Amino acid sequence: MAQTVFSYILHQDGKIDDTAFELISAAKKIVPDATAIAIAMGSGSELEAACNELSASYPEIWKIDDEALSYPNAEIIRGLLSRIIPQGSIVLVPNEHFGMDLSPGLSIKLDTSFLPDAVDFEGMEDGKLKAIREEYSGQVSTHMLCDIAQGAVITVRPGVFQADESKGESGTVVDKTADALQEGLPGQSRRFLEVVEAEVGDVDITKSEILVSVGRGIEDEENLEMVNDLAETMGGDVSCSRPIVDAKWMEKSRQVGTSGQTVKPKVYLALGVSGSFQHMGGVKGAPYVIAVNKNPKAPIFQQADVGVVADILEFIPMLNDKVKEAKG
Amino acid sequence: MGRSPYRMQSNNEINLSLEGNMEILVCVKRVPDTAENEIEVNKDGTDIERDDLVYSVNEWDNYAVEEAIQIRDNVGGTVTVLSVGDEDAEEVVRREMAMGADQGILLSDEAFAGSDGRGIAEIIKAEVEKGKYDLILTGAQADDGAGQIGGMLAALLDWPYASLVNLIEIMDESKIKVGREIAGGNQEMNEIALPCVLSIQTGINEPRYVGIRGIRKVASMEIPVHGTGDLSLSPEAIGESGAKVKRLDYFVPDSGEGAEILEGSSDEILDKLVELLKTKGGIK
């Protein structure tokens, strides 16, 4: 019998997250004839809507419906999953902030292997799953062998597997609420309070058509001046990657990435930005990406349309002069 | 389960009559410094090229140590820094002691080599059980980007956990308020009971600078080394033989596409780039 592969479903306001469809493709790559089951937790009509949408894509959906699940608290959900997931199963979870919260501990509670942030699978080798991960912020990749004989919890990087949009299923929704909650609500030692919304900055970079984005390569706060000058010459706005905000050199509202803003410019000029997947995850709408970085191995060059290998501290003033010249 | 109503407490209202005994453990890792090095794969793909690599403490861990020191300075207690590694890991423990941690522990043993994430978490758990900690901090991730040790350790200890923490407020001796970094620059606030494990995100504070004088001050402090003989560990959980997840090799993926790299003299490159900016709408 083929191994059961569970997908943990992220959803909000009754809408299924894209990762739910990406996990279908990932599951097929792990176990081609897998029995795929979606697990959706939440409450009321929103969960109902999510399950309806899922039934077109998954043959079976397990739902757990409780008011305490209206906001996903990883401590509660980990406890519930460890009660209902059968021994030896493979559990796929999207590798974003919730998946990171839930998954390492879930592998301990299920007593299975843990494979974090997988970006591809290459079938079985010596009875073990062969997978690909990245290390050093994407500078090198690795092949991993993961023992899945007793099951596994695998977090899958969002956006790398093709979303399965075939929607050819008419899945059954199985209510697992009673099974999961018969011993009461777990995870009471952590209580969700509220979500504090991000502050709106002076410039809304999500509306910018031209973004000059600066990263760690700028080295010093005072060097930001030349970036501001260039952006002004080009008629664009300045955005940045995470290290610039960590250093408190720019406002959080200027940060591009999965933990910052999602931007949709026409042109994205990345200056001294390494190009981690968290950063590029915030660049949408297929802009023309130009990367300038002194490290020819920087992952940004995999994502860019055009690249220049140069020290940005020398390059930026030269580019500024050239653009001024061109504008006449 | 009864729930006490949550009351907002601003910083200056925090009850500082805690017993003055916050015992904090911070787990740190010695890693190649990616800001200082280009990481390359070695000839046969068995490892990264380690000649001439500059090592430092994992960036996220540095924020975790700073946070621990600030908590201790506010409410009292001690900060212990721990690292699992070979004898070279001692230098990063000592560096974090120079930042202001009170003591260090090195967990080192040949039997630890080849451990997977769970193995490392089991080793740390064995050390934790010898102490009496209220709070354990790790970095949100390290060089391998796995971000797994904190969550595993919490589950092994049966303590609550929160990842990607970018705010900590001590409420009283039994609970804290933590902010987590979630999507879109938003922050998720939680109340967590102590003891707990938190993984710390960069940007939570501004880690202090450690000068050569600071390092000298702690140069003679003893850092105990604990191995399998000092810890109660089941051998099947650790080391190469206990690892259920193993790294086969390192490689650089051959990326079919990728940027067209502009070549030529500075002037040629700049002219080409300005031309591209014009046609793609990058100059207004």
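Reader: Which way do β7(A) and β11(A) run where they are joined, and how many bridges are there?
Author: In this predicted model, β7(A) and β11(A) run parallel and are joined by four bridges; two strands count as paired if DSSP finds at least two bridges between them. The strands themselves are DSSP runs (E, at least two residues; helices are H or I, at least four), numbered from the N terminus.

Reader: Which residue of β11(A) stands opposite A:A118?
Author: That is A:V156, which faces A:A118 from β11(A).

Reader: And is strand β7 of chain A buried or exposed?
Author: Strand β7, residues 113-118 of chain A, has six of its six residues buried, so the strand is largely enclosed by the rest of the structure. Buried means under 20% relative accessible area, exposed over 50%, and partly exposed in between, with a 1.4 Å probe and protein chains only.

Reader: How should I read the numbering and the cut-offs?
Author: Residues are numbered from 1 along each chain as its sequence is written, while chains are lettered from A and ligands numbered from 1 in the order in which they are written. Because the model is predicted, local features need pLDDT of at least 70 and side-chain atom pairs count only at pLDDT 80 or more, whereas totals for chains, interfaces and linings use all residues, and side-chain values use heavy atoms, with hydrogens and water left out.

Reader: Changing topic, what is the order of the strands in the open sheet?
Author: The order is β8(A)-β9(A)-β10(A)-β12(B), four strands in antiparallel pairing.

Reader: Which strands stand at the edges there?
Author: The edges are β8 of chain A and β12 (245-251) of chain B, and each has a single partner strand, so one side of each is left without a neighbour in the sheet.

Reader: What joins β8(A) to β9 of chain A?
Author: Four bridges do, between β8(A) and the antiparallel strand β9, residues 128-135 of chain A, and A:M124 stands opposite A:L129 in β9(A).

Reader: How many aromatic pairs are there over all chains?
Author: The count is four, with rings of Phe, Tyr and Trp (its six-membered ring) pairing if their centres lie within 6.5 Å; planes under 30 degrees apart are stacked, over 60 edge-to-face and the rest tilted. One stacked pair is A:F121 with A:F161, at 5.6 Å centre to centre and 20° between the planes.

Reader: Where in the chain do A:F121 and A:F161 lie?
Author: A:F121 is in strand β8 (residues 120-125) and A:F161 in the loop between β11 (152-156) and β12 (172-175) of chain A, so the pair links distant parts of the chain, 40 residues apart. A:F121 is buried at 3% relative accessible area, and A:F161 is buried at 7%.
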